[in-house]
Structures are given as C-alpha cells and as structure tokens.
Amino acid sequence: MKTLWLFLSVLVCLSATALAQMTGAALRYNPSYEVAIRGTVVEVRDLARPGTPRGTYLILRTPAETFNVHLGPRRWSARGRASLAAGEPVEVVGCVVSSRGSQIVLAREVRKADSVLTFRSARGLPTAGRARLP
C-alpha cells in the first residue's frame, strides 16, 4: 500500500511539473529583478509556443536588442493591446525570465507618452484580469 501511495505521489508531482513547463506557468514574476526598458514597438501579437507563457506579446526593439514582452493572457491584454501600435516609443517595466534558452520580459507596466497600461501589481500579481488605465 505504501508503494502504491509513493508511486501515485511521484506521478502527480511529475505531471504537475510537466504541465507547468508546457504552459509556461513555471515562469514567476520576481519584483527584485524588475527592469525598465525603453524602445520602439515593432509588433503586438498573440503567441502560443510550447515552454513560453501563452498570450499577447509586445515585440520591443531597443538600440542594443529586441525583446519579447509578455503582456498577459489575451483576456488581460485585450484592452491595452488596442492602444499599442507599431512604431510607438514605450517604456516597459517588468521582470526578465528565461524560458528554453531565450529571455522573456513579463510586463508589469507599459508606459507611453499619454498613459500607463498596468498588467500586474507592484508585487507582480495580475491586476483583476485585464490591463488598467490610470
């Protein structure tokens, strides 16, 4: 009986780990690693790639490199996505995480000339399921 219980416990743990890696849920926002990146919006698009968080991404180009900025699931970012356009200068405040050898910025805020789109709280928690305007 103990062997069966141990086997089932290990199976549940391995399944949860595999599922988290497939959905990108293992990527956690850590406010102590927060950065601010200024650049130009190249594109706003939805992405569902294995090993990365699904949802809406902002492709941000700086003079030094290009970043994939995860805004959140489509339902979080639908409101903010409409107000972000290619060619627009923005500042992204977020946490840089690694996923399958590449870096992703988990956005907390996207600041533009006339507004701030907030996707997470200062502690990195989602803001009520969608981007908020001030």
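Which residues have the most contacts inside the largest nonpolar core? This is a predicted model, in which local features need pLDDT of at least 70, side-chain atom pairs count only at pLDDT 80 or more, and totals for chains, interfaces and linings use all residues. Residues are numbered from 1 along each chain as its sequence is written, and side-chain values use heavy atoms, with hydrogens and water left out.

Select Leu58, Val69, Leu71, Leu84, Val90, Val92 and Val110: these have the most contacts inside the largest nonpolar core, which has 16 residues. Such a core is a set of buried Ala, Val, Leu, Ile, Met, Phe, Trp, Tyr and Cys residues joined through side-chain atoms within 4.5 Å; buried means under 20% relative accessible area (1.4 Å probe, protein chains only). Two or more residues come from each of strand 1 (34–47), strand 2 (55–61), strand 3 (66–72), strand 4 (89–99) and strand 5 (102–112). Strands are DSSP runs (E, at least two residues), numbered from the N terminus.

Next, pick Leu47, Cys95, Val97 and Ile104, which are among the eight residues of a second, separate core.

Centre on Val110. Its contacts (heavy atoms within 4.5 Å) include Leu58, Leu71, Leu84 and Phe119, leaving aside residues up to four places away in sequence.

Now show strand 4. Eight of its 11 residues are buried, so strand 4 is largely enclosed by the rest of the structure. Strand 4 runs antiparallel to strand 1, with seven bridges between them; here Val35 is opposite Gly94. Strand 5 is also antiparallel to strand 4, through nine bridges, and Val97 faces Ile104 across this pair.

Finish at the hairpin of strands 4 and 5, where two residues lie between the strands and Arg100 in the turn has a positive phi of about 50 degrees.

Note on methods
Buried means under 20% relative accessible area, exposed over 50%, partly exposed in between (1.4 Å probe, protein chains only). Helices (H or I, at least four residues) and strands (E, at least two) are DSSP runs, numbered from the N terminus. Two strands pair if DSSP finds at least two bridges between them.
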